[in-house]
Amino acid sequence: MQYPPSADRARISEIFSSLQGEGTHLGERHLFIRFEECHIQCTYCDEVKTGVEMTLDQVIEEVKRLEALEGPHAFVSLTGGEPLLYLVFLRSLLPALKNLELKVYLETNGILWQALEDVIGWCDVIAMDMKPASVTGDKNYDSDHRRFLQTAVQKEVFVKMVLSKEIFFTEYENEIRIIADIDPRIPVILQPISSRIEGHDDPELMELLGRLQRNGSQWASNIRIVPRFHKIFNLR
Ligand code: SF4
């Protein structure tokens, strides 16, 4: 990592209050802590590198301030970048959030399963990505995704797949079957990719997602198509 964390310090892009715009908790008010940096490279990544180093006390003070000003929040949402890169910091942050009686929602690319095993006891919801190589342009992480989901099912979990017209059907099917092997009832969110335009504005892509939803329903019983709500309504 360019800025390795410690138990007391991490590189944070922003802390803010907004509506959750993705997944099964759409529309809830969340307090977001966005960590800088990721360990993979998706071609569509829109992460802005505007982080600053913050101490644990500074993060907790900002969380308390926003909870008082704009709360109550349904969850503190850890997002990124990839929050699990900050394992050593999370071991300090997560118990502190629990002491404030806040619930933790972890948004993750679903790869760093060893780190998840370490912190899952403090998490309430896992919003896990599966990253098909045919869409991300990175390598295929299916064996890591499988191990990650095997741990994540201890808690409330859903899987999000960001999909473009480049998706290979065989890769998609394989990932749906990994999910269904663990539990066919795990919600799967198919999210149209956002690059040049927001994906929901692309009728061909939405039609393709409909076909993928029908196909995947042979194995998984809860596949939904959900565009990014915060982009449609121009929220933060
Ligand atoms: S996992 Fe997320 S943060 Fe990491 S490169 Fe992909 S889109 Fe960007």
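**View 1. Strand E1 gives the most to the lining of the largest pocket, with four residues.** This is a predicted model, in which local features need pLDDT of at least 70 and side-chain atom pairs count only at pLDDT 80 or more, while totals for chains, interfaces and linings use all residues. Residues are numbered from 1 along each chain as its sequence is written, and side-chain values use heavy atoms, with hydrogens and water left out. A pocket is an open set of points on a 1 Å grid over the protein atoms alone, where a 1.4 Å probe fits, with protein on both sides within 12 Å along at least five of seven lines; lining residues have an atom within 4 Å of a point. The largest pocket holds about 990 Å³ of space (the volume filled by probe spheres set on the points, which are joined across faces, edges and corners). It is lined by 40 residues, and Arg34, Asp46, Thr79, Gly80 and Arg228 are the closest to its centre. Elements that give two or more residues to this lining include strand E2 (29–35), strand E7 (156–163) and helix H8 (229–232). Helices (H or I, at least four residues) and strands (E, at least two) are DSSP runs, numbered from the N terminus. The lining has 15 nonpolar, 12 polar and 13 charged residues (Ala, Val, Leu, Ile, Met, Phe, Trp, Tyr, Cys and Pro count as nonpolar, Asp, Glu, Lys and Arg as charged, the others as polar).

**View 2. The ligand sits in the largest pocket.** More than half of its atoms lie within 2 Å of the grid points, as the term requires. Around the ligand are Cys38, Ile40, Gln41, Cys42, Cys45, Gly81, Asn109 and Lys131, each with a heavy atom within 4 Å. This shell has four nonpolar, three polar and one charged residues.

**View 3. Phe16 and Phe32 form a stacked pair, with ring centres 5.0 Å apart and planes at 15°.** Rings of Phe, Tyr and Trp (its six-membered ring) pair if their centres lie within 6.5 Å; planes under 30 degrees apart count as stacked, over 60 as edge-to-face and the rest as tilted. Phe16 in strand E1 and Phe32 in strand E2 are 16 residues apart. Phe16 is buried at 3% relative accessible area, and Phe32 is buried at 7% (buried means under 20%, with a 1.4 Å probe and protein chains only).

**View 4. Phe35 and Phe89 pair edge-to-face, 6.3 Å centre to centre and with 70° between the planes.** Phe35 lies in strand E2 and Phe89 in helix H2 (residues 87–99), so the pair ties together parts 54 residues apart in sequence. Phe35 is buried at 0% relative accessibility, and Phe89 is buried at 0%. Ring pairs link Phe35, Tyr86 and Phe89 into a cluster.

Notes: Buried < 20%, exposed > 50% of the residue type's maximum accessible area, 1.4 Å probe, protein only.
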